[in-house]
Amino acid sequence: MAASARVFVSHLSGVAVFDPNGDRVGRVRDVVAMLRVGNRPPRVLGLVVEVASRRIVFLPMTRVTGVESGQVISTGVINMRRFEQRPTETLVLGELLDRRVRLVADGGEVTVLDVSITQLQARREWEIDKVFVRRGKGGALRRKGETLTVEWSAVTGFSLEEHGQGAANLLATFEQLRPADLASVLHHLSPKRRAEVAAALDDDRLADVLEELPEDDQIEILGKLKEERAADVLEAMDPDDAADLLSELPEAHTERLLALMEPGDAADVRRLMAYEERTAGGLMTTEPIVLRPDATVADALARVRNPDLSPALAAQVYVCRPPDETPTGKYLGTVHFQRLLRDPPFTLVASITDTELRPLHPDTPLRAVTSFLATYNMVAAPVVDSGGSLLGAVTVDDVLDHLLPDDWRETELHQGAFGMDVPEEPGEAGDGER
């Protein structure tokens, strides 16, 4: 049957979904298809759509009235029930891209770079019709092979379980995502595919994503990495997040990983693990911005501009006598970001330091830390030992991590922020509702 529309699925990733009134309801995260026997093209069942608060829902293709100009137009009310993949379903972006299959004509091995879906003429059904492939085994270091677009029936091997499937093209599809959004994508992949994608991420990117995943996913992914790689990823994580993750592992495993880490990074993590979890010491990071008294406002602003800093850590700098790495020399006070913007660049930070704000002690309980931040309208607070040396800083995001339920990350990934229940709309018979 002739086709009336065709689109490659990689072009759908992140595309906005609008209702008939032109209001945006979410964005596409994947395409759901059902493989069929023989060489019949798979039927496209619908789209995985991320709506408000990163909730993942299913949009049947029967509800899609248009895929054009970088947007998807839907009709009717989207069922807000959380998407759960069924055994007979395949996620096109998550499971077909990077798969190695063979050409029927000559048996040559090819890597799937993309697939196209097409709407059948005079019908509301969609199916996968063409496959864009590269000859050879592909991979990050083998990108010069011949590429070609073939009919679905011209390749074989999609129905076989894939071992060692790559992730380069899937990652390229999601490369612009924030770590929290990529964490949501990983959370909804199969354990096998999740491990493959994690293995393909560089250490810094994987560290950022791990910090946004539920604890069970963190442990699963770390456990599937070689220990040397796992240690490198832990070094790239914020020390407090690395300490929290290691505290959930068996003691022997934790010690092996710490022994493989750089001594300085391991020392920071060990120091954090020594404190009770729900105290300022257990919550703090050991990497705040520390400056000596003779540093200038220009020096401080240069440090604040570091794009790797979280907004909370960049909100203030801490003035200390040498050494200027935690644990520092004597803590002298805090300079707030707004004050840095009001004074000339040549001003010494010692002259604008807030010395009235008392620091926290490492044994300060969580409740008192929360009250401190709320009372003084702060997003971070210094933590100082009994000798007056700065140990680190507690940021509001770490406090929230411990105020919310233990499973808040998983609840958010599945049901929306803070577990808010979203009413479910009844499905309509025969429209592909789940």
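Predicted model: local features only at pLDDT ≥ 70, side-chain atom pairs only at ≥ 80, totals over all residues.
Me: Which residues touch the most other members of the largest nonpolar core?
Reply: The largest nonpolar core has 90 residues. Within this core, the residues that touch the most other members are Leu47, Ile128, Val131 and Leu234.

Me: With which residues is Leu47 in contact, leaving aside its neighbours within four places in sequence?
Reply: Leu47 belongs to the largest nonpolar core. Once its neighbours within four places in sequence are set aside, the contacts of Leu47 are Leu12, Val28, Asp30, Val31, Val57, Phe58, Leu59, Met61, Val64 and Val72.

Me: How many residues form the other core, which includes Ile289 and Tyr331?
Reply: This core lies apart from the largest one. Leu340 and Val384 are also among its members. Its residues number 24.

Me: Which strand holds Arg135, the salt-bridge partner of Asp106?
Reply: The side chains of Arg135 and Asp106 meet at 3.4 Å, N to O. The pair links distant parts of the chain, 29 residues apart, with Asp106 in the loop between strand E9 (100-103) and strand E10 (109-120). Arg135 itself lies in strand E11 (residues 126-135).

Me: Is Asp106 buried, partly exposed or exposed?
Reply: Buried requires under 20% relative accessible area and exposed requires over 50%. Asp106 has a relative accessibility of 49%, so this residue counts as partly exposed.

Me: What separates Asp268 and Arg271 along helix H10?
Reply: Asp268 and Arg271 form a salt bridge at 3.1 Å, N to O, and both residues are buried. Because they are three residues apart in helix H10 (residues 263-273), their separation is about one helical turn.

Me: How many residues apart in sequence are the parts tied together by Asp324 and Arg292?
Reply: The side chains of Asp324 and Arg292 meet in a salt bridge of 3.2 Å, N to O. Asp324 lies in the loop between strand E15 (316-320) and strand E16 (331-336), whereas Arg292 lies in the loop between strand E14 (290-291) and helix H12 (297-304). The pair therefore ties together parts whose separation in sequence is 32 residues.

Me: Why does Arg292 count as partly exposed?
Reply: The partly exposed class lies between the buried limit of under 20% and the exposed limit of over 50%. Arg292 counts as partly exposed because its relative accessibility is 37%.

Methods: Residues numbered from 1 in each chain as written. Heavy atoms only, no water. Core = buried A, V, L, I, M, F, W, Y, C linked by side-chain atoms within 4.5 Å. Buried < 20%, exposed > 50% of the residue type's maximum accessible area, 1.4 Å probe, protein only. Contact = heavy atoms within 4.5 Å. Salt bridge = Lys/Arg side-chain N within 4 Å of Asp/Glu carboxyl O. Helix = DSSP H or I, 4+ residues; strand = E, 2+ residues; numbered from the N terminus.
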